[in-house]
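Open the model in a viewer and follow the stops below in order. Each stop names a selection and then says what is there.

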Amino acid sequence: MHTILIVEDMPIISQPIEAALRREGFATVCACNGLDGLAKLGANPVDLVLLDVGMPVMDGISFLERIRKEDRYALLPVIMLTAAADRERVIQAAKLRVTGYLLKSNFSLRELVVKVRLTLGAAQERHPETQVRSPEGEAPGTRSEERGTRSEEQGPWHEQAPASPAAPAAGMDVATPAPAPPSPALAREASAGGATPISLANMLTRSAAQAARDGREDLKSIKPLLTRSQVQEFIDGCEQVRAFSPAVTQVLKISSNPDCSIDRLVRAISQDHAIALKILKLANSVVYSRGEPVESIHAAVTRIGLDRIRQAVLNLGVIEHFSNAAIAQYLSFAHFWEHAIGCGLIAAELAHRLGEEKLADRAFTMGLLHDMGRLVYVEQMGDRYAQVLLTAYDLELPLEQVESRMLLINHADVMDRVLHAWKFSPHLIKPIVHHHLSVDNIRQVSPRELREVAILCLANRLAHALMLGSSGNHVIYPTQDFCRVLKLDPSVIREVAALAPGQTRDMKFTMLSRSNGSSWTPLVNEYRTAMPAGFRPLVIAPELDADAYAIFCQALALPSEEGPPNVAIVHLAYARHASELSDALKEAEGQAGVTGLPLLILSPTGQGVLDGDVMARPHQMLTTPLVVSRFIRAVATLTGRALRDAA
C-alpha cells in the first residue's frame, strides 16, 4: 500500500483530499505546515508528498529545500498544490525537482487521484530501486487483481487496518510492479474528460458553467448509495455497541437509582481524575455557575444537582467515545465539538433570555448532541459516509440534503432511534430530530415542542453564522422565522451573538481533553484565508441585528480592515421587501460616502430583484441557505471586477 503525505494547513482542504485517497486504497499522513511535514516524513515511510505552497511556520518551498538536501528524499515525488499561479514559485519548485504542479481552483479530486497513480507509476519505472514493500513482503500493487475482486459487502480495500510500508531489507530483490490502475469509473471519466469535479470546499474559482449550476437540479441527480434497510443495519450497530469508560459507566449506573446519595456519587466520580476535573470545571462554567467558584467535587455535584449530573456525565462520555482517531479521519474533532458546544451554549442562553430556566440545562445538552448523527455515520460507515461529504462539497449543497438523497436518512433522523436506545429523555429527542426543519414543518410534526425545537434550531443557525466550528456542513441558514416565533427582540440576538464566541472558547477547554489552544485553528481563520483581501461589507437586511447573514459577514470581516465598504450584501428574504431594502441600500451608501457598490443579493430563490436603478450595477444572486464556498467565490468575483473597472 502506498503512503501519501499531505502537507496542508487548512483541514477544510486536506480532509476531502485524504478521504478521496483513502477511498482509492492509499494510506495517508497529514501535516499542518512544512515543519510538521518534516517531522511526519521522518516518522513515516512515504511514497509521495502533496504539498501546499503557502503555509504558516514553514511554507512549501522551504519544506522542499530541506528535504532535497537529504539523499534519501532526493527522488521522492512531490506534487505542489497552490491557490494561485505564481510564476516565481513555479520556477523555484522546478529547480527543486517538483514532480507536478496543480492549481487548487482547476482540478478535481478524481483528477488528483489519477495524477497520484500516474506519478507513482512513473517513479517506479524510473527508480525501481527506491520502491518499498508492504510489511508482508509484498510489493505494492502486485495483488491488485486479487484486491480488485473484493465484493462491496466486504468493504473497500482500505477498510482493513492499513500498515505503514517498511523499507526493504539489505540485499533483498524488489519487484517493480505495474502501477495500480485507477478504478474503472475514474479511468472512464479521465479518458472521456467528462468527470464531474468534486471541488475542494471554499475554492475561489470554478468554471463558469459549473459555478452557475442550480443546486436543486444537482440534488435531483443524486442517487442512493445504499438501501434504507442497509443504512438501518449500520445504525443498529451503533445502538448495540457502547464503550464508555469504567468511571462513566459506574456514575451512570449509580445515578440511575433515584435514591442514590451525593457521597456515593462523589466517590464514583473521584475515581477518575479526568472526569472529576471536567465535572469541577463544568460546575464553574457559564452553564452552571451561579455564585462563588466551587473547589470540591462534592460542591460541584451539589451545584449541578443529582437530577442533572447523570446528563452531564453522559455528555462527557459521549464526547469521550466519539473522539477517536477513526472519526478524525473524516471530520475535524476540534471543529465538530466546538460547533456542538457553541450551539449548546447559545441554546441555553436563549432559554435563559426567554425565562425558560428549567429548559436551559436541557437546551445545552440538545445543542451538544444535535449533530451527533454524523459521528454515528462516520463510526459505522467510514468511507461510505466520506462519499456523502465529498458529494456535498462537489455540488455545494447543505450536507443534510445530500444525506437524505444518498443515505435516505439524514443525521438528525438517525438520532431518533439511537437516543431512544441509549435511554435519553424524550424531551431531548424531538428537538434534536427536528433541528433542520422549518417553522411550518415543526408546527405540523411537533406542535407541542415548537418552543424547544425553535430554540435549538435558532441556536444551531447562530452557531453556523458565528463560525463556531463545523460538523462538516459549511452552510449559513436564515434565522428570522425562528426569532419571530420565539418573539425575540433583535437586540437579544445581538447580545447572545456577542457572548457566544468567548463562552464557547472557554467551554471547549472545559469539556474536551486538549489543555492548550495551540492546535485549535478557528474556522473563521480558514474562511478569511480564502476570502479576497480587504473584505468590507455593507449588509442590508430587515432586523439587521437578528439576521444570520449580517452576523456572518460582520464576523468574517477583519476588524483591522479600514476604509469604506467595498461590496453590498442584501438579504431579500421576501419579495415584498424589495423597495424597502433598495431605499435602505442607497441611504447606507450615502452615509458611508460611496455609491454603486457591487451587489450580492441573497434570497430563497436566488432570483430576487431590487427596485429602480440598483440592479444596473455589477451584481450576483445567491440562494439561501448559503453555502460558504459560493459566497466566497461571488465576493471575489464582484470585488475583483470592481477593482478592474476602477483601474
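**Stop 1: a pair of salt bridges**

Select Asp 613: its relative accessibility is 54%, so Asp 613 counts as exposed (buried is under 20% relative accessible area, exposed over 50%, partly exposed in between, with a 1.4 Å probe and protein chains only). The model is predicted, so local features need pLDDT of at least 70 and side-chain atom pairs count only at pLDDT 80 or more, while totals for chains, interfaces and linings use all residues. Residues are numbered from 1 along each chain as its sequence is written, and side-chain values use heavy atoms, with hydrogens and water left out.

The side chains of Asp 613 and Lys 586 form a salt bridge, 3.3 Å from N to O; the term stands for a side-chain nitrogen of Lys or Arg within 4 Å of a carboxyl oxygen of Asp or Glu. Lys 586 belongs to helix 30 (residues 578-592), and Asp 613 to the loop between strand 9 (599-603) and strand 10 (619-623), 27 residues apart. Helices (H or I, at least four residues) and strands (E, at least two) are DSSP runs numbered from the N terminus.

Next select Glu 589 and Arg 617, whose closest N and O atoms are 2.5 Å apart in a salt bridge. Glu 589 lies in helix 30 and Arg 617 in the loop between strand 9 and strand 10, so this pair ties together parts 28 residues apart in sequence. Both Glu 589 and Arg 617 are buried.

**Stop 2: a salt-bridge network**

Which residues are linked with Asp 371 in a network of salt bridges? Select Arg 374, Glu 400 and Glu 403 together with Asp 371. The structure's count comes to 19 salt bridges.

**Stop 3**

Show the open sheet of 5 strands, which are paired in parallel in the order 2-1-3-4-5. Two strands pair if DSSP finds at least two bridges between them. At the edges are strand 2 (27-31) and strand 5 (100-103), each pairing on one side only. From one strand to the next the twist averages 20°; axes are lines fitted to C-alpha atoms, for helices over the stretch in contact, and angles run from 0 to 180 degrees between N-to-C directions.

Strand 1 (residues 3-7) and strand 3 (residues 48-52) run parallel and are joined by 4 bridges. Val 7 has Leu 51 as its bridge partner in strand 3. Helix 1 (residues 11-23) packs on the sheet and touches strand 1, strand 2, strand 3 and strand 4 (78-82), its direction making about 170° with that of strand 1. Contact here means heavy atoms within 4.5 Å.

**Stop 4: nonpolar cores**

Select Leu 50, Trp 337 and Phe 631, which touch the most other members of the largest nonpolar core, a set of 164 residues. Such a core consists of buried Ala, Val, Leu, Ile, Met, Phe, Trp, Tyr and Cys residues joined through side-chain atoms within 4.5 Å. Helix 17 (residues 333-353) gives the most to this core, with 12 residues.

**Stop 5: cysteines**

How many disulfides does the structure hold? There are 0, a disulfide being a pair of cysteine sulfur atoms within 2.5 Å. For Cys 32, the nearest cysteine sulfur is that of Cys 30, 9.9 Å away. Cys 32 is partly exposed at 40% relative accessibility, whereas Cys 260 is buried at 13%.
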